[in-house]
Amino acid sequence: MQVKKWNIALFLLPCLLLFALIYLIPLLMVIGSSFFEWKAGGVFRFVGLDNYINAFLHDSRMMTALRNTAIWVVLQSVVHVGIGTIIAFMLARKLRGWKILRTIYMIPNVVSTAALGVIFLNVFSPKYGLINSMISQVTGLTFQKNWFFEEGSAFLTVTWSWLLYTGMIIIVVLAGVLAIPEDMIEAARIDGATEMAINFKVRLPMIRTVLGTSVILAATSMLREFELIYLTTNGGPGDLTLNLPLYLYKTSMTDNNYGYANMMGVVLIVAGIVVVQAINKLFRMGDSDY
């Protein structure tokens, strides 16, 4: 039976209306207002590209936020996904206790971000934190480093708060590895391939698109990372740990400069599109795994 085109359009209409109301119209408003000077209590005045020019040529905080965001995106895409992939390959061998280890790595993904922020504030507390206490016990000296608020350690400490917790990546990659036909692995073993060669020559190529998906998830998560930074350092000390989402929040909610904040929103949207397209091209996401 041939389905009429108007029936398809009528079926899709509720979804299209919902998409327009929730995403499309707000997106167009953000893009449009980014070309205006729009402050609380001030006039709504068209300024063209002034917001963008000021951000990229005269705003040092914007440059710091962009640099930190870019560094964290790269670290998350390479180190975070790399660690998750290595652990997933270890778990795929189904050694004793592999299910328990998988559950342990998923715990940070289940706990709320607010709770994680409080946990890390206590772990790295200068007076009674676990890290300082362990160093004091080992050295026999009183060690009270303020990890989150000293210039030499703040950036690394904030990064440590999420970089090693790869539970979601482990689950995604592990599912891809376990889905590889076993006869292909057995054929490689019969041909004399070592386990390392099988990992690099068989398993990794077979899960290329899975890895690409994992990198996209990791990279885009850092483009919207806000809660942990806000709860731990709030971008400090100074602007050392400031990233683009946090700067956007401060500009809109503290400075009430909505036009400038919406310009940052547009920059984040463009950055997300560029990152996703680059990863798609790098991992050839449109090609078959086989």
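Q: Which residue just after H14 takes a positive phi?
A: Arg284 does, with phi at about 45 degrees. Keep in mind that this is a predicted model.

Q: Where is Asn256, the residue with a positive phi although it is not a glycine?
A: Asn256 sits in the loop between H13 and H14. Its phi is about 55 degrees.

Q: How many residues does H14 have, and how far does it reach?
A: H14 has 25 residues. From first C-alpha to last it reaches 36 Å, close to the 36 Å expected at 1.5 Å a residue.

Q: At what angle do H14 and H1 cross?
A: Roughly 115 degrees. The axes of H1 (residues 5-33) and H14 (residues 258-282) come within 7 Å.

Q: Left-handed or right-handed?
A: The crossing of H1 and H14 is left-handed.

Q: Which residues make that contact?
A: From H1, Leu27, Val30, Ile31 and Ser33. From H14, Gly259, Asn262, Val266 and Ile269.

Q: How do the residues of the H1 and H14 contact divide by class?
A: There are 5 nonpolar and 3 polar residues, and no charged ones.

Q: Switching to pockets. What volume does the largest pocket have?
A: About 620 Å³.

Q: How many residues line the largest pocket, and which lie nearest its centre?
A: The lining has 23 residues. Nearest the centre are Gln76, Asn109, Trp162, Ser221 and Glu225.

Q: Which helices give two or more residues to that lining?
A: H3 (60-92), H4 (98-110), H5 (113-123), H7 (154-163), H8 (167-178), H11 (208-223) and H12 (227-232).

Q: Which one gives the most?
A: H11, with 4 residues.

Q: How many nonpolar, polar and charged residues are in the lining of the largest pocket?
A: By class, 12 are nonpolar, 8 are polar and 3 are charged.

Q: How much space lies in the second largest pocket?
A: About 270 Å³.

Q: Which residues line the second largest pocket?
A: Gly82, Thr85, Ile86, Phe89, Met90 and Arg93 are among them.

Q: H3 keeps coming up. How do the axes of H3 and H11 cross?
A: At roughly 140 degrees, with the axes coming within 8 Å. H3 passes H11 in a right-handed crossing.

Q: Which residues of H3 and H11 make the contact?
A: H3 brings Thr69, Trp72, Val73, Gln76, Ser77, His80, Val81 and Thr85. H11 brings Leu211, Ser214, Val215, Ala218, Ala219, Ser221, Met222 and Leu223. Gln76 and Ser221 also lie among the residues nearest the centre of the largest pocket.

Q: What classes of residues does the contact of H3 with H11 have?
A: It has 9 nonpolar and 7 polar residues, with no charged ones.

Q: New topic. Which peptide bond is cis?
A: The one from Gly236 to Pro237, with omega near -5 degrees. Pro237 lies in the loop between H12 and H13 (244-254).

Q: Last one, Met106. Where is it found?
A: Met106 is in H4.

Q: What does Met106 touch, not counting residues up to four places away in sequence?
A: Gly167, Met168 and Ile171.

Q: How many residues apart are Met106 and Tyr165 in sequence, and what about in space?
A: They are 59 residues apart in sequence. C-alpha to C-alpha, Met106 and Tyr165 are 7.9 Å apart.

How values were computed: Residues numbered from 1 in each chain as written. Predicted model: local features only at pLDDT ≥ 70, side-chain atom pairs only at ≥ 80, totals over all residues. Heavy atoms only, no water. Axes fitted to C-alpha atoms, helices over the stretch in contact; angles between N-to-C directions. Left-handed = near helix turned anticlockwise from the far one by under 90°. Contact = heavy atoms within 4.5 Å. Nonpolar A, V, L, I, M, F, W, Y, C, P; charged D, E, K, R; others polar. 1 Å grid on protein atoms, 1.4 Å probe; cavity = no way out; pocket = protein on both sides within 12 Å on 5 of 7 lines; lining within 4 Å. Points joined across faces, edges and corners; volume = space filled by probe spheres on them. Expected span 1.5 Å × (residues − 1).
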